[in-house]
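Take a look at the structure below.

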Amino acid sequence: MYPMQPVLPPSVEALNVAVTRSQVPVWMPWPLPVGWLFTGIAHAGDDLSGARATAVACSGPAPLGGFGELVLVAEELGVGLGARYAGLVGPDPGDSVSLYKPADAKLMAAGRPTPMFHVPEAPDDRAVYVGEARGLWLWAIAWPEQSALLMHDELVLTDLRDAGAELGLLPCGALSTRLLG
């Protein structure tokens, strides 16, 4: 098990540090949905091995009105960061997700179509989807549950480890309390 590191407040500098140390993708919707902001990053890992799981938070106008939040997690098997934010017991989605049925949503991750499967055991206040990208778990956790409509709106994710100077243009908002819980 890798230790959870302190949550980093949203700034381009903090994001650059996290991206540099990460051994797993740092997923971000790119471009961000209209009106959305980067609102923090968390990771699990240590100084020796680097980040083995990352969680990036974004927030903005929800598709059906109001305020929405999205946390995207990339992690190695068994780390448990995605399950933590999803409100699940255990490190992985377990038997609640059948990868042998049609996907509930699809997004583009690093230019590849990525099937995402709804996790029905998640608490009622959020929607949780999980899939696989670059050989690792990809989790998408949305608050409130209706904000998951973003998953059906041609969401495109970029691994910020592959981003260049455009990272400096990222709009930052206030720290998401979702990362702290």
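Arg 21 and Asp 47 join their side chains in a salt bridge, 3.2 Å from N to O. (A salt bridge puts a side-chain nitrogen of Lys or Arg within 4 Å of a carboxyl oxygen of Asp or Glu.) This pair links distant parts of the chain, 26 residues apart: Arg 21 sits in helix 1, Asp 47 in the loop between strand 2 and strand 3. Helices (H or I, at least four residues) and strands (E, at least two) are DSSP runs, numbered from the N terminus. Arg 21 is partly exposed, at 29% relative accessibility. Asp 47 is exposed, at 72%. Buried means under 20% relative accessible area, exposed over 50%, and partly exposed in between (1.4 Å probe, protein chains only).

This is a predicted model: local features need pLDDT of at least 70, side-chain atom pairs count only at pLDDT 80 or more, and totals for chains, interfaces and linings use all residues. Residues are numbered from 1 along each chain as its sequence is written, and side-chain values use heavy atoms, leaving out hydrogens and water.

How many salt bridges does the structure hold? It holds eight. One of them joins Asp 159 to Arg 161, with the closest N and O atoms 2.8 Å apart. Asp 159 is buried, at 1%, whereas Arg 161 is partly exposed, at 33%.
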